[in-house]
Amino acid sequence: MDWKNYFSCVLKGLIGSIAVTVILTAILSLFMTFVEISESMFSGLYVVITSLGLVFGTILAAKLHGKNGWLVGLAVGVFFYIALYIIGVLLGASSKFGFYEIVRFVLCIVVGFLSGMLGINIVES
């Protein structure tokens with residue numbers, strides 16, 4: 001395996017994931033200035049936003065790499081979770097690693113894994 005190409009594709013996917021997540025979060029924040037959203041609704045929307053960002057970045061990385069989509073997706077999912085965790089702690093979130101964080105980590109792995117397989121199998125027209 002060409003490790004340099006692999007990590008280059010994973011890094012591009014990670015950057016794409018974070019960019020989409022930031023853009024969608026900004027849109028949600030703008031929406032929240034006009035409409036009041038409950039905390040439980042916000043948590044659900046945040047999960048959807050991060051999942052969409054991860055799906056985008058993983059498909060991008062898998063298409064760029066061209067093979068081993070599940071492995072690329074797994075790596076993007078792990079690094080995406082680590083990036084979100086670090087950004088959250090830097091912005092004031094609790095650094096406590098509890099049940100919720102384990103669920104988020106598993107979700108990132110599963111979404112990345114499945115999106116990587118999807119990204120490889122998307123047929124270009």
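Predicted model: local features only at pLDDT ≥ 70, side-chain atom pairs only at ≥ 80, totals over all residues.

Modeller: I begin with Arg 104, which is found in helix 4, the helix of residues 99-121. Its relative accessibility is 17%, and because buried means under 20%, Arg 104 counts as buried. Leaving aside residues up to four places away in sequence, Arg 104 touches Tyr 46, Tyr 81 and Leu 84.

The meeting of two helices comes next: helix 1, residues 3-34, packs against helix 3, residues 69-90, at an angle of about 50 degrees, and their axes are 9 Å apart. That angle makes helix 1 oblique to helix 3, and the crossing in which helix 1 passes helix 3 is right-handed. On the side of helix 1, the contact is made by Tyr 6, Val 10, Gly 13, Leu 14, Ser 17, Ile 18 and Thr 21, while helix 3 brings Leu 71, Val 72, Ala 75, Val 76, Phe 79, Phe 80 and Ala 83. Sorted by kind, the residues of this contact are eleven nonpolar, three polar and no charged.

Finally, the cysteines: a search of the whole structure finds zero disulfides. The cysteine sulfur closest to that of Cys 9 belongs to Cys 108 and lies 20 Å away, which is too far for a bond, because a disulfide needs the two sulfur atoms within 2.5 Å. Cys 9 is buried, with a relative accessible area of 3%, and Cys 108 is also buried, with a relative accessible area of 9%.

Key. Residues numbered from 1 in each chain as written. Heavy atoms only, no water. Axes fitted to C-alpha atoms, helices over the stretch in contact; angles between N-to-C directions. Helix = DSSP H or I, 4+ residues; strand = E, 2+ residues; numbered from the N terminus. Parallel < 35°, antiparallel > 145°, perpendicular 65-115°, else oblique. Left-handed = near helix turned anticlockwise from the far one by under 90°. Contact = heavy atoms within 4.5 Å. Nonpolar A, V, L, I, M, F, W, Y, C, P; charged D, E, K, R; others polar. Buried < 20%, exposed > 50% of the residue type's maximum accessible area, 1.4 Å probe, protein only.
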